[in-house]
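Let's take a walk through this structure together, one stop at a time. Keep the view open beside you as you read.

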Amino acid sequence: MTADPLGVLTGVHFIDGDHAACEGALAAGCRFVAGYPITPSTEIVERFASRIPLVGGVFIQMEDELAASIAVQGAIWGGQKSMTVTSGPGLSLMMEHIGLAAFTEVPLVIIDVQRGGPSTGLPTLPAQADMMQVKWGSHGDYEIIALCPSSPQECFDLTVRAFNLAEQWRTPVFVMMDEVVGHMTERVQIPAPEAIEVVERRWTGLKPGDYRPFQPAEDLVPDMVRVGDGYRIHVTGLTHDERGYPAMNPAAQDKLVRRLATKIRDAGDALVDVREEACEDADVIVVSYGITSRVAQAAVEQARAQGVRVGHARLVIAWPFPSQRMAELAARTKAFVVPELNLGQMSREVERAVAGRVPVRLIDHAGGTVHEPDRILAGILEAAR
Amino acid sequence: MSQDKPVRQAKGTVFVRPEVCKGCAYCIEFCPTECLGFSEEFNAKGYHYPVLKHPEECTGCGLCGLYCPDFAIFGIRLKDIPQAASEPPVPPKAG
Amino acid sequence: MSTDTLDTLGPEGLPHMDNPSLPYLRGERIPHIWCPGCGIGTTVNCFTRALGEAVSDLDKVAIVSGIGCTGRVAGYMNLDSFHTTHGRAIPFAAGLKLARPEMKVVVYSGDGDLFAIGGNHFVHAARRNMDLMVVCVNNFTYGMTGGQLAPTTPEGASQTTMPFGNFEKPMSLPFLADAAGASFVARWTVFHVRQLTRTLREALGKQGFRFIEILAPCPTLFLRRNRLGDGVDMVRVYKERSKIRDGADTKDVDLGMDGDIIVGKFVDRERPTWLQSMNAHYQQVFGERYRPWGGVREQD
């Protein structure tokens with residue numbers, strides 16, 4: 001189906017990434033946001049709070065991020081599309097509820113506008129250092145989906161997509177922005193509502209009595225119901241069976257945890273989005289994501305001007321990591337260069353996928369600003385040697 | 001029971017599920033007419049469960065059922081039991 | 001074990017009858033995990049009776065619990081039920097209620113869950129007058145983890161993490177609820193089953209943030225460690241020490257190892273709920289342009 005026109009500000013706007021992400025959520029049908037203010041993400045909830053009275057919906061500023069990240073889950077079981085928004089310290093507080101959402105298969109969207117860390121770090125300055133935390137931060141084994149916008153336009157587009165993926169796969173989906181992309185103002189084109197594809201919830205066709213809340217469909221994802229419709233479901237953060245009842249034994253644990261991992265790990269091309277440019281015959285491939293891909297693009301073009309055959313692979317979906325695609329690229333290039341605003345996070349994933357076949361050169365950065373393109377250029381030239 | 005007391009006619013009775021009883025004694029302790037007591041038998045988990053020791057004293061007030069933490073007993077007035085009104089019930093044997 | 005197959009002993013010659021609580025429970029999950037003499041089941045019993053009297057459509061009631069012994073209540077109720085994370089039942093319930101305002105949402109959890117790890121959420125939900133009914137079974141200890149200090153543990157009581165007697169001042173739950181702005185505040189013990197049932201029924205029929213504290217014995221971990229006997233002994237103590245004082249000033253209802261246990265309905269006041277306030281305020285600000293929030297649109 002397509003977007004509800006009420007939430008869609010069709011037209012050309014000159015707005016920053018935070019505002020664009022809010023519009024993306026509204027276009028996707030999000031009508032409930034619970035949040036807690038934190039720089040540099042706050043503009044998203046501020047805009048939502050001001051937009052919602054005329055669109056219809058609820059914004060509530062909760063008492064902390066723990067509350068925000070579980071209030072939205074209550075709203076989702078109540079039938080709403082819902083999200084919360086945060087930055088590093090808040091993401092740390094939300095970890096327990098990210099695990100709950102993964103384990104109880106809640107189609108939850110979280111926008112993380114990354115800033116320098118650890119701890120309070122650099123509240124007003126960028127980093128990309130939550131990339132591993134967002135994947136591994138809650139305890140236990142689980143899988144999430146993470147999208148990396150590199151422009152305000154993508155903040156809109158990928159937030160819409162995040163909601164669609166959440167509904168399709170029933171696992172937490174993250175929009176991994178950063179302070180620069182969140183506060184950068186650019187042209188954002190919001191399409192007409194009928195041009196915005198919106199994925200509805202996987203409502204069950206079964207009747208109460210026949211329906212089991214955690215019985216998977218063919219794609220390993222169960223269909224959902226809404227509280228109040230007579231299904232009398234039970235949902236627990238304990239290991240549970242298909243009825244949703246606690247099942248405290250290794251067999252039930254194995255069955256559930258494996259299904260939750262497999263539904264994402266075996267999704268194949270449906271969850272691969274690597275934007276490749278000139279990678280087919282490249283001697284060096286730059287792998288980048290988010291704001292860093294724009295800085296890297298400048299370095300890539302300079303390297304080409306110096307005669308280096310360099311490709312650029314941009315991760316739009318960072319998690320699940322496109323291991324197979326990276327391995328394929330490794331078979332036809334001589335080196336990878338991975339610039340990122342951290343001391344080596346996704347570069348480790350590239351190393352893991354490449355498995356020693358070719359060198360992987362990390363161009364790291366502790367955060368606080370973006371890379372100098374010259375550093376990335378130097379990395380490319382050294383790798384090409 | 002004292003010989004002087006007139007024989008009372010039971011106004012109520014109890015239903016017990018012995019296998020979910022954990023023997024806490026709430027029902028026995030707080031029965032206003034003290035008509036309940038422990039069974040002599042054990043259930044499968046090893047607990048003595050409540051039985052009507054003095055069925056004629058039961059008023060069917062239902063307090064035992066409100067107190068019971070295990071949903072193992074409830075009391076009911078005889079007149080509230082479907083089809084029970086016609087003939088007086090034979091109370092269960094005390095265990 | 002299915003309860004349908006469990007024998008019910010009844011008088012000979014009478015038709016088989018099921019326990020009146022059973023229609024409100026997930027029967028296939030009984031017997032429950034609570035210890036012999038634990039008072040939680042008694043509170044559930046009263047709650048089922050109250051539901052039967054106050055609610056015509058059980059499909060429109062949801063129950064949310066946190067973690068701990070009382071946190072298991074949600075899983076036994078034959079309602080839309082959620083066993084959430086430790087301390088966070090209230091914000092989950094708030095989100096659910098705001099997403100489906102036509103639902104009655106009950107939070108049912110323990111003292112440690114609601115007032116230690118979850119204390120912040122309790123205070124703010126009461127302040128906002130979130131339309132939730134919060135039932136707290138207060139057993140003065142952390143039962144599920146083995147008898148550690150709770151914010152409600154009376155001074156002097158021994159706990160595994162306060163092995164030489166508690167030197168902290170405990171929290172008075174009705175006083176906190178009152179101060180934070182709750183619409184309705186009451187306290188009973190598991191001795192007071194009739195009064196408790198009546199209060200639960202009354203609270204189910206009201207709007208706003210309603211708080212009911214129920215004192216209940218934890219024989220395995222609180223009573224045994226403090227040599228206070230069995231569950232039934234403690235309920236007898238509740239009977240002896242309780243004084244019913246409806247309308248009591250909540251600053252006078254502290255609990256200790258000895259002394260009066262003041263019970264009754266302490267607070268009952270009208271305040272607009274969070275959602276009523278939002279709708280009324282935006283109606284005023286935006287007039288006819290405002291789209292009042294009543295819940296989800298119908299499924300396509």
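In this predicted model, begin in chain C, where helix H5 (residues 119-128) of chain C meets helix H6 (residues 173-180) of chain C. Their axes come within 8 Å and cross at roughly 45 degrees. Two packed helices are described by just these things, the angle between their axes and the distance between the axes. Angles of 65 to 115 degrees would count as roughly perpendicular and those under 35 degrees as roughly parallel; H5(C) and H6(C) are therefore oblique to each other. On the H5(C) side, the contact is made by Phe122(C), Val123(C), Ala126(C) and Arg127(C), while H6(C) brings Leu176(C), Ala177(C) and Ala180(C).

From here, turn to the nonpolar interior. In soluble globular proteins, nonpolar side chains tend to be buried together. The largest nonpolar core here has 101 residues, and Trp77(A), Trp319(A), Phe336(A) and Phe211(C) touch the most other members. A second, separate core holds 58 residues, including Leu58(C), Tyr76(C), Phe184(C) and Leu200(C).

Most residues other than glycine have a negative phi, and most peptide bonds are trans. Trp319(A), however, is joined to Pro320(A) by a cis peptide bond, with omega about 0 degrees. Pro320(A) sits in the loop between strand E14 (317-319) and helix H10 (323-330) of chain A. Another cis peptide bond links Gly117(A) to Pro118(A), with omega about 5 degrees. To find Pro118(A), look in the loop between strand E5 (109-116) and strand E6 (122-126) of chain A.

Now for phi. Ala355(A) is not a glycine, yet its phi is positive, about 55 degrees. This alanine lies in the loop between helix H11 (346-354) and strand E16 (360-363) of chain A. Is Ala355(A) buried or exposed? Its relative accessibility is 54%, so Ala355(A) counts as exposed. In chain B, Glu34(B) also has a positive phi, about 50 degrees, without being a glycine. Glu34(B) is found in the loop between helix H1 (26-30) and strand E2 (36-42) of chain B, and is exposed, with a relative accessible area of 60%.

Arg47(A) belongs to helix H2 (residues 42-55) of chain A. Its relative accessible area is 16%, so Arg47(A) is buried. Arg47(A) and Cys22(A) are 25 residues apart in sequence, but 6.7 Å apart in space, C-alpha to C-alpha. Not counting residues up to four places away in sequence, Arg47(A) touches Leu9(A), Ile15(A), His19(A), Cys22(A) and Glu23(A).

Finally, return to chain C and look for His192(C) in the loop between strand E5 (184-189) and helix H7 (193-204) of chain C. At 3% relative accessibility, His192(C) counts as buried. Setting aside neighbours within four places in sequence, His192(C) is in contact with Ser242(C) and Val263(C).

Methods:
Residues are numbered from 1 along each chain as its sequence is written. Chains are lettered from A and ligands numbered from 1 in the order in which they are written. This is a predicted model: local features need pLDDT of at least 70, side-chain atom pairs count only at pLDDT 80 or more; totals for chains, interfaces and linings use all residues. Side-chain values use heavy atoms; hydrogens and water are left out. Axes are lines fitted to C-alpha atoms, for helices over the stretch in contact, and angles run from 0 to 180 degrees between N-to-C directions. Helices (H or I, at least four residues) and strands (E, at least two) are DSSP runs, numbered from the N terminus. Angles under 35 degrees count as roughly parallel, over 145 as roughly antiparallel, 65 to 115 as roughly perpendicular and the rest as oblique. Contact means heavy atoms within 4.5 Å. A nonpolar core is a set of buried Ala, Val, Leu, Ile, Met, Phe, Trp, Tyr and Cys residues joined through side-chain atoms within 4.5 Å. Buried means under 20% relative accessible area, exposed over 50%, partly exposed in between (1.4 Å probe, protein chains only).
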